[in-house]
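Okay, thanks for coming, everyone. Let me put the model up on the screen before I start talking.

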Amino acid sequence: STTTYTISGTNANGCTNNYLFTLTVNPVANVDPMSVQTVCSGSLLSIIPTSSVPGTTFEWKVLPPSGITGIFDGFGSEILGNPTGNGLFSYSVLGVINGCKSPEQVIGVNILPIPGINPISSRGICTGLPLSINLISPNASTEFNWTATGLSAGAAGYSNGSGNSINSTLTGTGVVAYQVFPTLNGCTGSPATFNVTINGLPNTTLGVTAGASIVCFGNSSFLTIANSQQGVSYEVTQGGTTITSGIGNGNNLNINIPANFLNPGNNSYNVMAVVNGCPGVSLASSPSIQVNTAPSPNNNVTLTNPFACQGSPGQLNILATQQGVTYQAVSGNLNLGNSVTGDGSTKIISIPTNNLIVGANVISVVSSVAGCPSTMLNSKPNLEVRPVPIVNPVNTQGPVCTGNSISYSFTSNP
């Protein structure tokens, strides 16, 4: 309000003079009380103070200690900031009008934390099997919402949702993209994103063959999977234990079988086809590999008779023959007689002498078994071939009469 005052002065002479002046009294501003404001950490804070005195402006200061960043002292009609942190801080707000300031009004602000979510890795799952993913946050009482988007036309069974776990049964084949948003007290954190690849069951009718169906003990071999499926893992098992594996490439796939998994005798193998997220399935074809032991060079070899007349056979005896091993008698590059197959007993080979030299002949025996190199036996007996006498022809006499005598003389060479 404004008041005009008149001051009258009179001196000793009785003279009077008046002085007029005006005094304006401004009202004292005020700040209306406000409840505690709430804002998510990192979000825009806007506080508009009010006053019952029209024309009031405001100035404010952050009261210590705050530990909050993104807030500042200032003046004007709106308090703005981007507070980051967690907990309560306060502003001291003064109303100002015509230079007159109000008493302090404290306005509290509660900063709510932004919830997080533990990372979720992308994964594969077999078509028709249940998908279950638990959602976890480091902030207690966090709630979750998610969106699911099919990235492939063949993917099905997915949906948006909310809760503490994602549970669904995905079908078909393809990729589904998920975004999971954590929310706490109205504050939403950054989403966790991941993909789920829906895999079809592997083809179990692919042919499997052994690279070599018979090998010698100590050597390796391999299995060939015809037209292997791209990205499928093929696990070779023996007796229920996985011994080696390979990844399908869309072509014929060779998987090496190490020598330590090739034991003497018949070795059977099973091939499991495994796709990420699917249980392994056995291929219908189950190959086997026969492993033979290389023949021993230490069999004893004897002759029934150390000599034979030329043209008459000698008899060779091979003692304690090995099961399944073939034995062939030779002299130099010449095979002698028929081969025999060992069965653990002594085997006899009849040695023809027609093509042997007269005199001493070294008789060797070559042993062999399928898949292994041939072995020369250490025992090499000598067969002496003796010459057969040749009777020279004579001139015959005759005919003669009954009762008469006749005389012939014969010679031989040698």
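Predicted model: local features only at pLDDT ≥ 70, side-chain atom pairs only at ≥ 80, totals over all residues.

Residues are numbered from 1 along each chain as its sequence is written, and side-chain values use heavy atoms, with hydrogens and water left out.

How many disulfides does the structure hold? There are 3.

Start with Cys-40 and Cys-187, whose sulfur atoms sit 2.0 Å apart. The torsion about that S-S bond is about -95°, so this disulfide is left-handed. Now look at where the two ends are: Cys-40 is in strand E3 (residues 37-40) and Cys-187 in strand E19 (residues 187-188), so the bond ties together parts that are 147 residues apart in sequence.

Next up, Cys-126 and Cys-278, with sulfur atoms 2.3 Å apart. This link is right-handed, at 95° about the S-S bond. It connects distant parts of the chain: Cys-126 belongs to strand E11 (residues 123-126), Cys-278 to the loop between E28 and E29, and they are 152 residues apart. Both Cys-126 and Cys-278 are buried.

Then there's Cys-216 bonded to Cys-372, S to S 2.0 Å. Its torsion is about 105°, so this disulfide is right-handed. Cys-216 lies in strand E22 (residues 214-216), and Cys-372 in the loop between E38 and strand E39 (375-376), so the bond ties together parts 156 residues apart in sequence. Again, Cys-216 and Cys-372 are both buried.

If you number the bonded cysteines in sequence order, the pairing reads 1-3, 2-5, 4-6.

On to charges. Side chains of opposite charge can pair when their charged atoms come close. I'm calling it a salt bridge when a side-chain nitrogen of Lys or Arg is within 4 Å of a carboxyl oxygen of Asp or Glu, and the structure holds 3 of them.

Lys-101 meets Glu-59 at 3.1 Å, N to O. Lys-101 is in strand E9 (residues 100-101) and Glu-59 in strand E5 (residues 57-62), so this pair ties together parts that are 42 residues apart in sequence. Lys-101 is partly exposed at 47%, and Glu-59 is partly exposed at 27%.

Asp-343 and Lys-347 also form a salt bridge, at 3.1 Å, N to O. Asp-343 comes out partly exposed at 38%, and Lys-347 partly exposed at 21%.

Finally, Arg-386 pairs with Glu-384, with the closest N and O atoms 3.5 Å apart. Arg-386 is partly exposed at 35%, as is Glu-384 at 37%.

Now the sheet I wanted to show. It's an open one of 4 strands in the order E25-E24-E28-E29, with antiparallel pairing. The edges are E25 (241-247) and E29 (281-282), each pairing on one side only. For two strands to count as paired, DSSP has to find at least two bridges between them. Between E24 (residues 233-238) and E28 (residues 270-274) there are 5 bridges.

Last stop: Ser-364, which is in strand E38 (residues 364-368). Ser-364 counts as buried, at 11% relative accessibility. What is Ser-364 in contact with, leaving aside neighbours within four places in sequence? Taking contact as heavy atoms within 4.5 Å, the partners of Ser-364 are Gln-328, Ala-329, Val-330, Met-376 and Lys-380.

That's my tour, thanks.

Key
Buried < 20%, exposed > 50% of the residue type's maximum accessible area, 1.4 Å probe, protein only. Disulfide = S-S within 2.5 Å.
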